[in-house]
Amino acid sequence: MNETIPQLLSYDDPSLEAAFATLADEVRTETSSQRDAEVFRLRWLGRKQGRLKLISEAWLKSAPAEARKPLGIRFNQLKQQIEAALVAAAAAPPVTSAKAGIDITLPGMVRAPGIPHPLLKTMQEIVSVFHDLGYSTALGPQVETDFYNFEALNFPPNHPARDTQDTLVLANQQAKPSRDRLLMRTHTSPVQIRSMIAQAPPIRIVVPGKVHRNDAADATHSPVFHQVEGLCVDTNITFSDLKGTLDYAMKALFGSGVKTRFFPSFFPFTEPSADVQISCIFCAGMGCRKCKQSGWIELLGCGMVDPAVFASVTEERRKLDPADDAYNPAKVTGFAFGMGVERIAMIQHGISEIGHFYSGDMRFLEQFA
Ligand code: DAH
């Protein structure tokens, strides 16, 4: 122990002054180096091995009588200095981060919170327009059977209407009956069939989802894209209901100034069928490059549910309940519609390349934050 105790060679005033100044320095250095306060307290004030006790014993033992008083006073001062340092340490905030080597004065790390993808945003917008009209969301699988994707929707096997939807089929399906063969769904319309088989009218659903076609990618086409389907079946549903509903939805999506018009078209699962056009939002119908000078932009397909579709649904429902008559076309009618999410988002935002949606390029995506 002796080597850690400083020697006091003389008891005159200057020697005492110098010796205690050294000890006070030692205390100051230790407190400013932010050592653990309890370790510091034990080292200096510990009852048996504390530095203050050992040094005072050593120095007082050989002190001449007249030096005892000034020594005692100085030891008291030193003790007060140590106690004051301990009080200060207890009041100071913890220094853990400084200990871990983190500079808390540096600016923090910025974490971007993330935003919905522009396609998802548009899809949710479309869906919520119909939620406001009392529709609920229905979903279906992306891997479908031929029956739901085509046959029940009045595309018979080998019917030329199938050519309008070039289809990606799963391998090794030839051994199955045609209706059970698996394929990637080419549209969201099969969810109409699934929903009607599961639920009697009235029915009002919107179906957002991903669809697949064997299409080459170009500025406006992608082999994987998104649609929102709609179906409404109830008593007394007419073509006027279809027009009113879609006119309201287009105004909600593109602004109250847009006009709609309905052009005769063909889909196997609706009769009559129509293509819906909106007045060009870029030129307000005056004619521009975007609308090919026509003043109108074609946006979606729709029509009155074909009785042949109700017949397919009824046939399936009768496998569970032979007396089922819920979708008797003499009792209920309905309308359906389907729109491409990419197309609508491209018009909303003036985007001319569909590929931007899938590239993951932050310069594109950040514009929707
Ligand atoms: N399924 C059609 C397509 O992908 C779009 C469509 C047209 C859906 C008319 C409908 C409809 O429900 O009534 O081309």
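**Close-up views of the predicted model**

Searching the whole structure turns up 18 salt bridges (a side-chain nitrogen of Lys or Arg within 4 Å of a carboxyl oxygen of Asp or Glu). This is a predicted model, where local features need pLDDT of at least 70, side-chain atom pairs count only at pLDDT 80 or more, and totals for chains, interfaces and linings use all residues. Residues are numbered from 1 along each chain as its sequence is written, and side-chain values use heavy atoms, with hydrogens and water left out.

**View 1. The R43–E26 salt bridge.** The side chains of R43 and E26 meet at 3.2 Å, N to O. R43 sits in helix α2 (residues 37-45) and E26 in helix α1, so the pair ties together parts 17 residues apart in sequence. Helices here are DSSP runs of H or I, at least four residues, and strands are runs of E, at least two, numbered from the N terminus.

**View 2. Helix α1 against helix α3.** α1 (residues 13-32) and α3 (residues 51-61) pack at about 170°, axes 13 Å apart (lines fitted to C-alpha atoms over the stretch in contact, angles from 0 to 180 degrees between N-to-C directions). They are therefore roughly antiparallel (angles over 145 degrees). A19, F20, L23 and E26 of α1 touch R51, I55 and W59 of α3, with contact meaning heavy atoms within 4.5 Å.

**View 3. Lining of the largest pocket.** β5 (224-234), β8 (296-305) and α11 (341-349) are among the elements that each supply at least two lining residues. The largest share, 7 residues, comes from β8.

Definitions and conventions
Angles under 35 degrees count as roughly parallel, over 145 as roughly antiparallel, 65 to 115 as roughly perpendicular and the rest as oblique.
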